[in-house]
Amino acid sequence: MSVSREVSEFVELSENNSLPSKARAVIIGGGVSGCSIAYHLSKLGWSNVILLERKKLTSGTTWHAAGLVSEPPTASTPNLYKYSMQLYSGLEEETGLATGLRRVGSLSIALTEERKHELSRQLSLAAAVGAEARKLSVDELKEMHPYVDVSGVTAALHFPNDGQCDPTNVTMALAKGARMRGAAIFEGVQVTGVQTRNGRVSSVTWEKDGERGVIETENVVNCAGMWARELGERNDVAIPLHACEHFYMITEPIEGLTRLPVLRVRDEHTYYKEDAGKILFGAVELKAKPWGMDGIPESFCFDQLPEDFAHFEPIMEKALKRMPILATAGIRTFFNGPESFTPDDHYHLGEAPELRGYWVACGYNTGGIGSSGGAGLALAQWMNDGEPPFDLSSVDIRRMQPFQKNRSYLRERVSEIVGLTYADHFPARQKTTSRGIRRSPIHEHLKARGAVFGEAVGWERANWFARQGQEREYRYSWHRQNWFDNQRDEHLAIRERVGIFDLTLFGKIRVEGRDACSFLQQLCSNDVDVPVGRIVYTQMLNERGGIESDLTVSRLTETAYLLVVSAFTLHRDLSRLRRYVGDEFVVITDISASESVLAVMGPSSRDLLGRVSPNDFSNKNNPFGTFQQIEVGMGLARAHRVTYVGELGWEIFVPTDQAAHVFEVIEAAGADMGLKLCGLHAILSCRIEKAYRGFGEDIGSDDHVLEAGLGFAVKTAKPKFIGRDAVLRKRDAGLERRLVQFRLKDPTPLMHHTEVIFRDGRIAGTITSGDYGHTLGGAIGLGYVPCKNESEEELLSSSYEIEIGGERFAADVSLKPMYDPKSERVRA
């Protein structure tokens, strides 16, 4: 095969251990993540790829990883953990280097009824997504792992395809595979800086043994692990992560010890694996110890941290009871090493929103070995194609907020995140650390009136309101939690009278300039060339017709628009908008902090607003989908006639400095009308009844806008917009699946997320989001069901059941909202 002169020179230089002056990509960090990306980029034909490692490959975190790999049941597509296992299985044949991969299987045991329910849900989901799992009796558990004490065990699952590998060998095999395809890997090279030009990466400077140099490149990948945050800071790129101490012990050799499955006892925060005739057991502590508060030393290389047996001792005591052989085996190694954690327990992947060509792959939260194979594949494809190959929103670096790089915030948050890895994954579970950072102007008002707050991207938001004398704390469960009745009361107030809730956390983006209209027409699927005062519900699509953003667009003036987006997607949406600005004269500004939003919703909302404002809120003057400037109390605001709860109502956009006044005026005026303060839980139960889609749950970049039932917001008659061709192709070819609404006939059970859908006795999909419908009288959920070559009548005439914790419940189905299907209440 012939190669260009540039590539030939690149290969010759790398073979001579001389650093090239140009590269298509420079990867910083030689752990398993960096080597995986080098491997996958080279596999895509990126032959001039350089990886720079400051010390030795694996010398940061990779070398001391436990090496556990698995294919956990997950509804995401594809399962990147499963891909990692497949990759590591084939690397030995490809490169001649063994990875130490052994599919010994894994066991998860429950010691409580709540954990038993969670394992039952995992078992159901495994069958739906093609992951192997089976339930074990206590006797079967004892047979598979004769060293475990089974006292107190309420349930056990066996995952036969899980296993373990040698982290160093995996990394070396990936590095060799990358080199075989032309990538160059250099050790002992310190990156001293990343240079930029016109908002994009332009070069990397390096130093080695006193020699310095520059590599021109348009792509840098930060795989620096524990050092990633500090490295990103040099270019004002926010990479929120922090190191924590991670403990494990290795016994002396145990006579007769044979191949054992990996054992996880999450209720005791421990895991165990057989390691060359010894047992390694590690801790995932409930409260971890942050490390490196003043930065990670540059000299760190294959190092350990000081022992802290007092910190480990409580878990050690449980381990000795669960695995009695540990008491007599003797301890050979007590290990303490650092690993990096992110604020939400998901790793960081993708292009940083602050700087084009600056890519990130780090923060694996103890799961770097199992994650890096799939993450390397995904990021390489993303870099190659310019768009994520599939929905990566849960790990997309753009989900992070700039403030989250704050070291005090990170230090406190990661101490909790470590423990949440093995905690029960209850619905509505809230973080308890690093709280109170972003607050609405009416936060103290809501707090004084009984608000129980949750946290969303740093925002404190009222989730429910406690009654007089009621405990203001969550009591978690898979069943009805202690706020269920509060949600019902707030829900019914919205449906029957009027409620008010705080939506200040909305992301608000102003797009203005001479070309604002034509610019947004290219990105939005709906027609936004509307009269001033109109509000348009729309999506931004990718070229596959998948949904990249779900938003409203309000035309403020002929040349200015307001985009209202989720707080979770604000920086992702800003990044997308800015990326597509070419020669257009457009200014894009984040104005989220300048306005608060108070939603007044319910049948009596028009009467209530009429008490506090002289403006006309009639259908004639202010129909659904329009806004008007209003006076309210002694302040000024905009009243947007939209809803996310399926009732007559308005979202009042008010300057932040006037928000408290406006709230007080509305609250006083509604005192004799039954006005109720409402929280997020009531909003969500109302929206699920109306089958409004939730971004990141029911819709995302892998979900075609037509199959999501949002074709009404797509106008293919307008000039070309991103995703238009995919919409037309899907219309011609027909839908392969549809988003359906379900209601359980039994009013007792609950749906939350990923429950399995059965159609005529066969698995058909999973629930994408669920909540309790207090008006409809049962749990409501949304989920996709295959429908290729089927009519609506055929789809709806089947018998449907939802499996929850191993038990199936009959369900009614509908393609239209079960609540107010014609939206008569919304437009009243």
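The structure is a predicted model, in which local features need pLDDT of at least 70 and side-chain atom pairs count only at pLDDT 80 or more, while totals for chains, interfaces and linings use all residues. Residues are numbered from 1 along each chain as its sequence is written, and side-chain values use heavy atoms, with hydrogens and water left out.

H10 is mostly covered, with 15 of its 18 residues buried, where buried means under 20% relative accessible area, exposed means over 50%, and partly exposed lies in between, for a 1.4 Å probe and protein chains only. After H10 comes Gly-386, which has a positive phi near 85°.

Phi of Thr-366 is positive, near 70°, although the residue is not a glycine, and Thr-366 counts as partly exposed because its relative accessibility is 42%. Thr-754 also has a positive phi, near 65°, in a residue other than glycine, and is placed in the loop between strand S34 (737-744) and strand S35 (756-759). For context, most residues other than glycine have a negative phi.

Helix H14 (residues 516-523) is likewise mostly covered, six of its eight residues being buried. These buried residues are Ala-516, Cys-517, Phe-519, Leu-520, Gln-521 and Leu-523. Their cover includes strand S24 (507-512), strand S25 (535-541), strand S26 (547-557), strand S27 (560-565), helix H15 (570-579) and strand S28, contact meaning heavy atoms within 4.5 Å.

Strand S28 (residues 587-590) contains Asp-590, a residue that is partly exposed, with a relative accessible area of 34%. When neighbours within four places in sequence are left aside, Asp-590 is in contact with Lys-508, Leu-570 and Leu-574. The side chain of Asp-590 is joined to that of Ser-592 by a polar contact of 2.6 Å; a polar contact is a pair of N or O atoms within 3.5 Å, of which, within protein, one must be able to donate a hydrogen and the other to accept it, and residues adjacent in sequence count only if both atoms are side-chain atoms.

A search of the whole structure finds 53 salt bridges, each defined as a side-chain nitrogen of Lys or Arg within 4 Å of a carboxyl oxygen of Asp or Glu. Arg-332 is partly exposed at a relative accessible area of 47%, and Glu-252 is partly exposed at 29%.

Asp-489 and Arg-467 also meet in a salt bridge, at 2.9 Å from N to O. This pair links distant parts of the chain, 22 residues apart, with Asp-489 in helix H13 (residues 484-496) and Arg-467 in the loop between strand S22 (459-465) and H13. In a further salt bridge, Arg-212 is paired with Glu-207 at 3.8 Å between the closest N and O atoms; Arg-212 counts as exposed at 67% relative accessibility, whereas Glu-207 counts as partly exposed at 30%. A network of salt bridges links Arg-115, Glu-118, Asp-267 and Asp-424.

Asp-771, in strand S36 (residues 762-773), is buried yet has no salt bridge, and the nearest side chain of opposite charge, that of Arg-687, is 6.9 Å away. In this assignment Lys and Arg count as positive and Asp and Glu as negative, whereas His and the chain ends are not counted. The side chain of Asp-771 does make a polar contact of 3.1 Å with the side chain of Gln-487.

How values were computed
Helix = DSSP H or I, 4+ residues; strand = E, 2+ residues; numbered from the N terminus.
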